[in-house]
Amino acid sequence: MADRRQVLRFGAVAAAAPALAGAVSAPALAGGHGGARHKPLVVGHRGASGYRPEHTLASYELAARLGADYLEPDLVSTKDGVLVCRHEPEIGGTTDVASRPEFADRKRTVVLDGVSVTGWWTQDFTLAELKTLRATERIPAIRQQNTVYDGYFEVPTFQELLDLRKRLSNELGRDLGVFPETKHPTFFRNIGLALEKPLVRTLRRNGLDKRGAKVFIQSFEAANLRDLADDHRVEVPLVFLSSASGSPFNDPRSYADYLTPVGIKELSEFVDGLGPEKGQIIPRKADGTLGTPTTLVTDAHAAGLKVIPYTFRAENSFLPAELRVGTDTTAYGRSIDEQVTFLRTGIDGLFTDNPDIGVLARTLV
């Protein structure tokens, strides 16, 4: 697998769309691991979810127009095996399904990765049924402005996102990337709706599983990524996501152990990058302010891996204490300063709900 990693390329990215500070140049993560330093990628986290309900075509399109280099869909499965873009298979908090009397009897409790969750589940809906629902803002108490769009947008399929990517790439004159995440792959495999095969099939049908394609596949489960590398032989880069605590589902190894120098070296046998929670790059101190950066970026780069942390958001409630402005938790704080601080650690990109802020921040480093 080491040879496979050495021939994979992150691909050159063309000029980005104008953002807050006017037209800016976008990054080129060409060259192999350990090559020259290039401008970091801006990944539209669930689209431009700071401005539109997440995982809608409207959110993805706005992210592209704000200058995002990559669009990030979380992928789950419908009852009939179609990949759709939702943060979780439970959709009570991201669609209007709770207000639909015809689906009241679909509400049930499911054990998701060892936790009992009650709600409505994509695996209980055919695509045709899911298409009758409309997206809603997931965190309305924080993003009240996004609620004006509740009820207007469908739940998109992965193919519809790829179609949008192709159209916008032509219109904007730059090759937009996609950064799909397999959500709860063990869970879906256990109920007979494995995500790997339809994901790989869809990428190949669209000519996107090849060296140089603007695609990363990411997962919180190392076993899922190894399966994609070894069994499905994907040619695009793979990214291992990690949390500040806990372990991948059904995995005795903790995220902390995976991110030791030894663990990173082992991951580098089948993955090409890390997607850590941003606190694993710069932890917060007890008072909520930013602490001292860890060695994670240096350790990952030493193993030939890129580092693209998540998630950067503009509201005070998500910012370190010293970068909040005022006492309103829903108001915007000094999010540009936060992203600049993290970019200066040498990260190779970032996931942000506000792509225009990310585009501007990278010009200031």
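**Entry 1: helix α6**

I started with helix α6, residues 196-205. I looked up its buried residues and found Glu 196, Pro 198, Leu 199, Val 200, Thr 202 and Leu 203. Buried means under 20% relative accessible area, exposed means over 50%, and partly exposed lies in between, with a 1.4 Å probe and protein chains only. Helices are DSSP runs of H or I with at least four residues, strands are runs of E with at least two, and both are numbered from the N terminus. After α6 comes Gly 207, with a positive phi near 70°.

I noted the ground rules here. This is a predicted model, in which local features need pLDDT of at least 70, side-chain atom pairs count only at pLDDT 80 or more, and totals for chains, interfaces and linings use all residues. Residues are numbered from 1 along each chain as its sequence is written, and side-chain values use heavy atoms, with hydrogens and water left out.

**Entry 2: His 232**

Next I looked up His 232. It sits in the loop between α7 (222-230) and β10 (238-242). Which residues does His 232 contact, leaving aside its neighbours within four places in sequence? I found Glu 196, Lys 197, Val 200, Arg 204 and Asp 227. Contact means heavy atoms within 4.5 Å. I also checked Arg 201: it is 31 residues from His 232 in sequence, and 9.8 Å away in space, C-alpha to C-alpha.

**Entry 3: helix α2 and its partner**

I moved to α2, residues 57-65. Its buried residues are Ser 59, Tyr 60, Leu 62, Ala 63 and Ala 64. They pack against β1 (41-45), β2 (70-72), β4 (83-85), α4 and α12 (355-363). Gly 67 follows α2, and its phi is positive, near 110°.

Then I took α2 together with α4, residues 158-172. The two pack at an angle of about 30°, with axes 11 Å apart. So α2 is roughly parallel to α4. Angles under 35 degrees count as roughly parallel, over 145 as roughly antiparallel, 65 to 115 as roughly perpendicular, and the rest as oblique. From α2, I listed Leu 57, Tyr 60, Glu 61, Ala 64 and Arg 65 in the contact. From α4, I listed Glu 160, Leu 161, Leu 164, Arg 167, Leu 168, Glu 171 and Leu 172. The residues of this contact are seven nonpolar, no polar and five charged.

**Entry 4: Ser 169**

I stayed in helix α4 for Ser 169. Is Ser 169 buried or exposed? Its relative accessible area is 11%, so Ser 169 is buried. Leaving aside neighbours within four places in sequence, Ser 169 contacts Arg 174, Asp 175 and Leu 176.

**Entry 5: aromatic rings**

How many aromatic pairs does the structure hold? I noted 13. Rings of Phe, Tyr and Trp (its six-membered ring) pair if their centres lie within 6.5 Å; planes under 30 degrees apart are stacked, over 60 edge-to-face, and the rest tilted.

Phe 187 and Phe 188 form an edge-to-face pair, 5.3 Å centre to centre, with 75° between the planes. Both are buried.

Phe 312 and Phe 342 have ring centres 5.0 Å apart and planes at 75°, so this pair is edge-to-face. It links distant parts of the chain, 30 residues apart: Phe 312 is in the loop between β12 (306-307) and α11 (335-343), and Phe 342 is in helix α11. Phe 312 is buried at 0% relative accessibility. Phe 342 is buried at 1%.

Last, I noted one aromatic cluster: Phe 220, Phe 240, Tyr 255, Tyr 258 and Tyr 310.

Technical notes
Axes are lines fitted to C-alpha atoms, for helices over the stretch in contact, and angles run from 0 to 180 degrees between N-to-C directions. Ala, Val, Leu, Ile, Met, Phe, Trp, Tyr, Cys and Pro count as nonpolar, Asp, Glu, Lys and Arg as charged, and the others, Gly among them, as polar.
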